[in-house]
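Colleague: I'd like to learn how to read a contact between two chains. Could you walk me through one?

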Amino acid sequence: MSINPAIPAPDQTSTPLEPIEMPNRITGWRLVVRGRLNKICLAIVGIYFLVGLLSLLPAPSQIGLGNVPGFKSIKSFDQLIDYKYDPDQPYAPPALSYKDSQGIRHYSPAMWFGLDFSGHSVFWQVLYGARTALLITVLTSVLMLSIGTSLGMIAGYFGGWIDDIITWVYSVIGTIPWLLLVIAMTYILSSNESLKEPPTHAPGPVAAFFKNILPTDLLIVIFALGLTDWVSLCRLIRGETLKLRDSDMVAAGRALGLSELRIIFRHILPNVSHLIIITFTLSAVGYLQVEVVLSFLQLGVSSKPSWGHMIDDAKLTLLRGVWWEVTAATGAIFIICMALTLLGDSLRDALDPKLRGRD
Amino acid sequence: MAKDQQPLLEINGLNIGFDTNRGQLRPVRDVSYSIFPGQTLAVVGESGCGKSVTALSILRLIPSPPGRVLGGEIRFEQRNLLGLTEKEMRSVRGKDIAMIFQEPMTSLNPVYTIGDQIVEAITLHQGVSTRQAYKIAEQALADVGIADPAKRIAAYPHQMSGGMRQRVMIAMALSCQPKLLIADEPTTALDVTIQAQILELLRKLQHETGMAILLITHDLGVVAENADTVAVMYASRVVEFATVEDLFDKPLHPYTEGLFRSVPKLGEEQHSRLQTIPGNVPNPANFPSGCKFHTRCPKARELAASMPADQLVKITFGEEQVNVPRVCVQQEPTLRAVEPNHWAACHFAENYATAPVTTPQSNHRREVTSELAPGRAAGSAVAQ
């Protein structure tokens, strides 16, 4: 009888194994959360997201809670930014309180950052700007990441003429300076008549959604940025996929009968995901900044408050000593950009094994 | 094994070409062999002789382009795999024919647990729920001798050693009870003790499941231990095909003979030199004419000494000029039954004795595909 050395005989009591310590998927995450600075940055980003989400809530009176005592005076963000606090004194400097038309003094955060030229609260606009900024950042990134990743993986995996076409397209796009391309794209999209109005034939809630949350000028910025910025990610993903395509892992998957789509999306995608995450954190900052530039060039979001729009408005009044509007908007951009950049850096350090363990 | 049993897999006159910048390479020419259920066929040969390409082409996994099947057929249970659609082929892969690779270190996806990966294969082909699939996977891990499978199923590939990963690969390949397992040098990347364990494991599993194994290797020791029949390949062709006993008793092709001589043996006289086959494997872009082994063949030179001068030609061998029989240079020998159940592709396989029967070169391929079914006969031979 031949004894298989690998399989212990049944009567042999094998010592129970130590529980396996799982240095698994969340290791990178732990590395990011470990540092104190990272925690602060994460908190900042969290607060911005929270503010952005809160701004989507309707006022209690709009959803039938207007008669509930505690909720009565609460306004939605849209109402808050439309409220003119002091039409007589448009450029009120920052203060802790304001007097209404009856001369009653109210203590409200509305006056903390002063009022703008039309008597609107700068504070509420800055908070509302977080929503615009997050919509732009997140939706543009989703658009950019899905185009870049899928084209990159398709080009890398299938090769041949498919690869040739995709490489050719992104090489052409890559030769044009990005900002010029974004500006051109914005012009093209905003000159399109059908995009000027929200879809009127759409059912009520959909039309309302586009009007209130995704107005056309916001969509134009998102598409202009998203359709032009996928080149570098696509190039990265293509290279990585080319490497993975010839790996034994993919050969083994094919030998098991997996379809090509399944190999691409279930086996190659997770292996390039670190590139996607890093690109996201680093490019998100860029989108915030480019939105400001576009607003400055009168191409950005104008129907809703945005930081870029605020800076653009404030540039003319800066000479007259109205410093608070530009400061508030710039400060808001500065803080979120810094937090995202620092987070992106430590994420890259955590996710790239080659950098791990170094200072 | 019943005498009338059909072969599980039958390759007939397979030709594969690779289109390259420097023209077409032909890594596989007129390859024919077959495997019967429950049998192990070993394919032996040097690197680049086409043994892996043939195996990959069974699953139609040759990258195309540049690879192309130029002719021949691959019959699996009487179905020609080359005629299937890609979708039909996907249901053959993994389910009917599974494959394990040389490099267990890189064959597993590092981002999934081994359990996830085995379960993926099971749910794909067996239509069971994920929960059941995990049960099957756990059993599969236990079958390949992984200790504590309930815990190991949640481990990632990097937490395992090479031998364990190869066991996982085997578990994955066998989880769908394939009828044929293609093992492409399954032990090359492992150290010797693990090699023995893995081969023992394969033998045991074959005994339990009755699957056939196509074992690609260049280790003659592995062949002797595991194979029922052996196909020896040299420079894109099968040069000898026989049962393992016949082959080891009496190799009929000089290349096979050379292979045996170049294996170091215990008990051999100390300080004696290990015999090697002189020269190098020919480059597939530039194969010699006639018998592809004639440039290195010791038998050819031996024979030339006793042949009349008009039947000889001079070739350059290393730095010297040597005479070899004209037929070796001019005519490609066909694989033919030299003895019952023993095929060889050498003009002088019959004990150097008779001159070969001259066949027209153009008919050569058809002859191979129609008449040659080495495995069929060899399989019955095993049965007897």
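Modeller: The size of an interface is often given as the accessible area lost when the parts come together. Here about 3000 Å² is buried between chain A and chain B, with 58% of that area from carbon and sulfur atoms; buried area is what two parts lose on being put together (1.4 Å probe), summed over both. This is a predicted model, where local features need pLDDT of at least 70 and side-chain atom pairs 80 or more, while totals for chains, interfaces and linings use all residues. Residues are numbered from 1 along each chain as written, chains are lettered from A in the order written, and side-chain values use heavy atoms, without hydrogens and water.

Colleague: How many residues does each chain bring to the contact?

Modeller: Counting heavy atoms within 4.5 Å as contact, chain A gives 27 residues and chain B gives 40.

Colleague: And how many salt bridges are there between chain A and chain B?

Modeller: A salt bridge is a side-chain nitrogen of Lys or Arg within 4 Å of a carboxyl oxygen of Asp or Glu. The count between these chains is two. One of them joins Arg266(A) and Glu120(B), at 3.1 Å from N to O.

Colleague: Which helix supplies the largest share of chain A's side?

Modeller: Helices are DSSP runs of H or I, at least four residues, numbered from the N terminus. α11(A) supplies the largest share, six residues. Both α11 (248–255) and α12 (260–296) of chain A give at least two residues each to the side touching chain B.
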